[in-house]
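Please view the sequence and the structure below before reading on.

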Amino acid sequence: MLNQKDEEIRKKISIELCENLVYRLNPLQKKETKIGALIAIKNLIKESKINDPILENCLIDAIIDNDVEIRLLIHQIIKEIANPHIIELLKIKLNNDETNDSVRKEIEELLHSF
C-alpha cells in the first residue's frame, strides 16, 4: 500500500515539475530561462538518477527550438544521458511531421553519433 501511495505522489510531482519545465522551454521564453530548464532536466536525469520518461520527453520535445544554441545544448545533454528510451524518442521526433528539415538533419546526425 505504501509503495502505491509513494508512486502516486511521485507521478503527481513529476507532472507538476514537467508542466513547469514545458513552460520554461517554450520557444518564446528568454534563452537564459530555457538554459536553466535544460540544466535542471539534465541534473534530474543524470545526477539524481530519476528514471522518468516524462522528463526525457520534455528534453526531446525542446529539440525543435528555433535557437541553434539551445539545440546544441540539447544535443550535448542528450549525448551525456543517452539511453534506449531517449534514442527511441529521437526516432519518433525524426518522423514527426512538425519537425522541419534542418532539425531532422540534426537528429539524424545525433542518432548516428550513438
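## Charge and basis of the model

The protein chain carries 17 positive and 21 negative side chains, and the centres of the two sets are 3 Å apart. Here Lys and Arg count as positive and Asp and Glu as negative, while His and the chain ends are not counted. The place of a charge is taken as NZ of Lys, CZ of Arg, CG of Asp or CD of Glu.

This is a predicted model, in which local features need pLDDT of at least 70 and side-chain atom pairs count only at pLDDT 80 or more, whereas totals for chains, interfaces and linings use all residues. Residues are numbered from 1 along each chain as its sequence is written, and side-chain values use heavy atoms, with hydrogens and water left out.

## Overall fold

The protein chain has 6 helices and 0 strands; helices (H or I, at least four residues) and strands (E, at least two) are DSSP runs, numbered from the N terminus. The radius of gyration, taken over C-alpha atoms, is 14 Å.

Along its principal axes, the C-alpha trace spans about 50 × 30 × 25 Å. Buried residues make up 34% of the 114 residues, where buried means under 20% relative accessible area, exposed over 50% and partly exposed in between (1.4 Å probe, protein chains only).

## The nonpolar core

The largest nonpolar core has 28 residues. Such a core is a set of buried Ala, Val, Leu, Ile, Met, Phe, Trp, Tyr and Cys residues joined through side-chain atoms within 4.5 Å. The residues with the most contacts inside this core are Leu 38, Leu 59, Ile 63, Ile 74, Ile 78 and Leu 90. Helix α4 gives the most to this core, with 6 residues.

Not counting residues up to four places away in sequence, Ile 74 touches Leu 38, Leu 59, Ala 62 and Ile 63; contact means heavy atoms within 4.5 Å.

## Two loop residues

Thr 99 is placed in the loop between α5 and α6, and counts as buried at 2% relative accessibility. Beyond four places in sequence, Thr 99 touches Ile 64, Lys 93, Arg 104 and Ile 107.

Asp 67 lies in the loop between α3 and α4. With neighbours within four places in sequence left aside, Asp 67 is in contact with Lys 31 and Lys 34.

Key: Rg over C-alpha atoms; globule rule 2.2 N^0.38 Å.
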